[in-house]
Amino acid sequence: MKKLFLVIYVFCSTLFVFADENDRFKEANPNDTLKVYYLNEVVVSSSVKETNELKNLPTAVSVVSPKQLQDARIESLPRLSAFIPNFFIPSYGAKVSTPIYIRGVGARLGSQTVSLYVDNVPSFNPSAFDFEFQDVQRIEVFRGAQGTLYGRNAIGGIVNMYTLSPLSFQGTKLMVSGGNYGQFSVKGSDYRKFSDNFGLSVGGYYKRDDGYFKNSYTGKKVDDSENAGGRFKLEWQASPSFKAMFFGNYDYVSGGAFPYMHEDSTAVSFNEPSSYDRHLFTNGLSLDYTGNGYSIHSTTGFQYLKDDMKMDQDYSPKSVFSINQKQKQHSVSQEVTVKSDTKTNYRWVVGAFGFVDHREIDTPVALKEDMIAVMQRPLDTMMEGLGAPLRLVYANDRIDLPGVYTKPSRGVALFHQSTLNNLFGVDGFSATAGIRFDYEHTGLDYITESDGGDINMEFQIPGRPMPPIPVEGDTLLEGSFRKDFWEILPKFALKYQMSPTSQIYLSASKGYKTGGYNEQVFSDVLQGALAESLFRNVKPYIPGNIQIPEMPSTGGGSVEEQLSYDPETSWTYELGGRYEMLDRRFSLTYALFYTHVDNLQITQLAKQGTSGRTIANAGKSESKGFELSAKFVPMDNLSFFAEYGFADARFVKYKTGEVEGTDPIDYSDNHVPFAPRHTLSLGGSYVHHLPYGSLIDRVIGNMQYQGVGKIYWTESNKNDAGTKDLYQPFYGITNASIAVERGALGLECWVENLFDTRYNTFLFEQDDVTVSETNIFVQRGYPTRFGATLRYTF
């Protein structure tokens, strides 16, 4: 840290000397003075799909500008959490999972509920959502179902991110930053035009930290990380009517992960590796043609993801069980849209979308010696109860459950949307309607087995010693399943534009999240198959006078029924509006919404966390609430903002545990877990300009307060014993920064979680099978972090 701040100091001093020389040059050459005017930031925005202007869409949308990203130090998608009303991304310990919750709708595992597009190229896996931002031109967040134009997995909304164009910006950007906990990052990018119509941009970054949570078992930090990557973009304006753009991004992540600790502890304590490594490539080719009254846009996308996750799944120093999950995914997508390009009252868009996705998952689960001891107990109890002079003893102190699962999927869609303005001759009154026909084919090919599940039959007959008889217990499961899904996704909206600065709208839209197969439940399925195999192979060796009881049924139905989950669908109804007043210095946006979800997909812990996680359909749910966004600029150098969202998400109909002879558990009217009821963001920014000739040009101060809660952690909303509510109360963290700028140079000092607020970002219950008790594990929020950032733009 001392070396870093020394470098920053020397760099600043050198640049200030050059700046002073420049001032003396200006004094000697007054005609060459350069005047810089700092105006309200203008974000250029357009859409290849929407038939309404972005600022006047009949839906809730937030547009985040580069200045807002810099002021709030938003450097990746999770950092956008709570900055937008009813938009929340929790931290689950690693970039392998980046769930997004909008208006109480989201998912921890499985298909995403909110889709992400980068320069119009979609991501197909939430493991690809968390990457380092660099030179972002704007981010759009659409809240509410966006199925008509975006199709599958846009049930909660859409995040569109666009990067800078080398045709509209030229120059070089450099940034170096450092802070406590070993934080260090450096970024650089260059934008060049080689002719009036051809440009190239290249960039790269490196980021690291030492981690924030200690593993008391090893004495080292458990969540240190490194992140590096690069990007390029080529743009060619071949003619006034034709433009081509090709880009490529690469992101690499390596480090520790999953700092889950007992709720009464201040440190992690587990003996198995916990880490996550990822390689992510994203490429896109865009072609745009503008004709007479229409435009054609084509986007071809390719994404490759390869990652490796290691997790101690008992989260303790005991050797119970662990997992090592590896993914390889190739995704290719193609979309073509034809859109009207006229100023007439009728506007339309038609399009087609297709994709092919191939994902291979290798998830070897290891049952360790402490788990084998637990599995040995029922065998000993059974044989003692039978009074047989015989023990069935596992031959090994470790059983491996390797498995390879291939998940191919492909789909096509056709969509159309029309907007008719000045409806019935009323100025400003418009109607929008659209429909999408969506088809998807998905499948699962699996091969999984047990290795080390053999047992020894040890006879204990007095006076007749006998060698143990080995019995093979290992089993193999393999097969293939396929499913087809069809959905029709309509949308309707009415809007009244009362003036250029005010509007009100009413909309209804259908959302759809694809179904599929959950490979993680195979750990439980295979353990049951292993037990059945053992009993089947032991029976021939048992004397006829000893009756071995039948193995109890797993009660889960066929393998396909245990693995399969159905699509999730929703209808979202929304009433909202936007207003600007006081010469546009004050703006207000509001929305009231109601979302009804059928076949809600929810993540459950199989056997209370001893067999991994599974996805199940949870009947029906609903989410209702409202959101407000306000911005006020009382003077050119001072601005304030407030964002608030309330979402009451509950199960309407959800019963589980329906086993013959027992009553089902009814979760109806309980809060949907992991989705916050409140999100709040308050902030302000002040720019103080110093007189001409001063050592620095301006001082910029920023402060934000971000609050989130209440978050329930289980479907029951209570602990395992049912004795108390289990939730994270509302909490808030304060971030602040102060920066000084001189010409192209800026030095910023910043602090995050200023008051060191303590909170949990994740909580779950898990049975400790070795002692028959339930533990609560949590992931703590980050402590106070501070540092400095130096920026220089040529």
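Let's start with the aromatic rings: a search of the whole structure finds 42 aromatic pairs. One of them joins tyrosine 117 and tyrosine 150 in an edge-to-face arrangement, with 5.3 Å from centre to centre and 65 degrees between the planes. Those two values are given together because a pair of aromatic rings is described by the distance of the centres and the angle of the planes. Here the angle counts as edge-to-face because the cut-off for that class is over 60 degrees. Tyrosine 117 belongs to strand E4 (residues 114–118) and tyrosine 150 to helix H3 (residues 147–150), so this pair ties together parts that are 33 residues apart in sequence. Both tyrosine 117 and tyrosine 150 are buried. Elsewhere you can look for a cluster, in which ring pairs link Tyr92, Phe258, Tyr260, Tyr315, Phe674, Trp713, Phe762, Phe764 and Phe777. As you explore, keep in mind that this is a predicted model.

Now let's turn to the strands. Strand E13 (residues 225–239) pairs with strand E10 (residues 198–209) in the antiparallel sense, over 12 bridges. To find a spot where they meet, look at tyrosine 206, whose bridge partner in E13 is alanine 228. E13 also pairs in the antiparallel sense with strand E14 (residues 242–256), this time over 13 bridges. E13 and E14 form a hairpin, with two residues between them. Within this pairing, glutamate 235 has methionine 245 in E14 as its bridge partner.

Glutamate 235 has another contact to show you. Its side chain forms a salt bridge with lysine 243, and the closest N and O atoms are 3.1 Å apart. Is glutamate 235 buried or exposed? Its relative accessibility is 3%, so glutamate 235 counts as buried. Lysine 243 has 28% relative accessibility and therefore counts as partly exposed.

How many salt bridges does a search of the whole structure find? The search gives 43. Another of them brings together the side chains of lysine 318 and aspartate 768, at 2.8 Å from N to O. This pair links distant parts of the chain, 450 residues apart: lysine 318 sits in the loop between strand E17 (294–312) and strand E18 (321–340), while aspartate 768 is in strand E45 (residues 760–768). Lysine 318 counts as partly exposed because its relative accessibility is 28%. Aspartate 768, with a relative accessible area of 13%, is buried. Salt bridges can also share partners, and in this way Arg73, Glu75, Arg79, Glu132, Lys187, Lys207, Glu752 and Arg785 are joined into one network. Within that list, glutamate 75 forms a salt bridge with arginine 73, and their closest N and O atoms are 3.8 Å apart. Both glutamate 75 and arginine 73 are buried.

Finally, let's look at the empty spaces. Rolling a probe the size of a water molecule over the atoms shows where empty space is left. In this model, the count comes to 16 cavities of 30 Å³ or more. The second largest cavity has a volume of about 850 Å³. Its lining is made up of 50 residues, and Leu109, Gly110, Asn125, Pro126 and Arg359 lie nearest its centre. Several strands each supply at least two residues of this lining, among them E17, E18 and strand E19 (346–362). Which strand gives the most to the lining of the second largest cavity? That is E18, with four residues. Sorted by class, the lining of the second largest cavity has 21 nonpolar, 21 polar and eight charged residues.

How values were computed:
Residues numbered from 1 in each chain as written. Predicted model: local features only at pLDDT ≥ 70, side-chain atom pairs only at ≥ 80, totals over all residues. Heavy atoms only, no water. Salt bridge = Lys/Arg side-chain N within 4 Å of Asp/Glu carboxyl O. Buried < 20%, exposed > 50% of the residue type's maximum accessible area, 1.4 Å probe, protein only. Pairing = 2+ DSSP bridges. 1 Å grid on protein atoms, 1.4 Å probe; cavity = no way out; pocket = protein on both sides within 12 Å on 5 of 7 lines; lining within 4 Å. Points joined across faces, edges and corners; volume = space filled by probe spheres on them. Nonpolar A, V, L, I, M, F, W, Y, C, P; charged D, E, K, R; others polar. Phe/Tyr/Trp six-rings, centres within 6.5 Å; stacked < 30°, edge-to-face > 60°.
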